[in-house]
Amino acid sequence: MKGLAAGLVALLIWTVGLLAFADRIARLTPAQPAEPADGVVALTGGSDLRLRAATDLLESGMGKRLLVSGVNPRVSRNQIWGMTGAAKPLFDCCVDLDFTAANTIGNARETARWAHAMGYHSLILVTADYHTPRATLELKAMAPDVRVVAYPVVTPDLDARHWQDTNIGARRMMSEYVKYLVALGREGLLSIGPREGPARPTGAEGVSSS
């Protein structure tokens, strides 16, 4: 009986945490007007809305350059240009592509390398609303010396205010909550002992600007 009671208590705590997490996501959009930063980074996903939002920030002078992180190696630079809606001269001069990152940790690692290579101390992070807490956490862990300003974008197939009404919404929200807890727990454990910061690269490895 004690084991069952403990399990029910753990389930209750997990459920309350999930509801609080979902409420936090629902409150993230629409994004607040961004403050100018050294650079802008957009994490790729199933929608080009993130790329267009990041490009709008770049065009508005909110950052000096834009990094698109997690680009599929099979996608060409011209295809990415078409997704951003950016003017060609701006895209050619000021947009870098990262083809290396395959997940959120990879996004954070490559973004930290890019920021350090560029000498940037502040970034606007553009990603999906539900992905914002974990992406921000991972990036701050990889680049603790960089100020990160989150710029969440609405996810078309996930209504954060009614996520429990559809199977895809429920699965995605619960999955992201579990991933966030794992990342939070890992960072909590790492903070107990000494931890080396990310190495500062001599160049923007993994980033293409041509």
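**Exercise 1.** How many bridges join strand β1 to β4, and do the two strands run parallel or antiparallel?

*Solution.* The model is a predicted one. Start with β1, residues 39-43. Four bridges link β1 to β4, and the two run parallel. For a specific pair, take Val-41: its bridge partner in β4 is Leu-125.

**Exercise 2.** Which residues of helix α3 are buried, and why do they line one face?

*Solution.* Helix α3 runs over residues 77-84. Its buried residues are Arg-77, Ile-80 and Thr-84. Look down the axis of α3: these buried residues fall within an arc of 60°, so they line one face of the helix. An α-helix has 3.6 residues a turn, so residues three or four places apart point the same way. Just after α3, Gly-85 takes a positive phi of about 75°.

**Exercise 3.** Classify the packing of α1 and α7 by angle.

*Solution.* Helix α1 (residues 2-26) packs on helix α7 (residues 167-190) at about 105°, with axes 10 Å apart. Angles of 65 to 115 degrees count as roughly perpendicular, so α1 is roughly perpendicular to α7. The contact includes Trp-14 and Phe-21 of α1, and Met-173 and Tyr-177 of α7. By class, it has eleven nonpolar, one polar and two charged residues.

Terms used
Residues numbered from 1 in each chain as written. Predicted model: local features only at pLDDT ≥ 70, side-chain atom pairs only at ≥ 80, totals over all residues. Heavy atoms only, no water. Axes fitted to C-alpha atoms, helices over the stretch in contact; angles between N-to-C directions. Parallel < 35°, antiparallel > 145°, perpendicular 65-115°, else oblique. Contact = heavy atoms within 4.5 Å. Nonpolar A, V, L, I, M, F, W, Y, C, P; charged D, E, K, R; others polar. Buried < 20%, exposed > 50% of the residue type's maximum accessible area, 1.4 Å probe, protein only. Arc of directions from axis to C-beta. Pairing = 2+ DSSP bridges.
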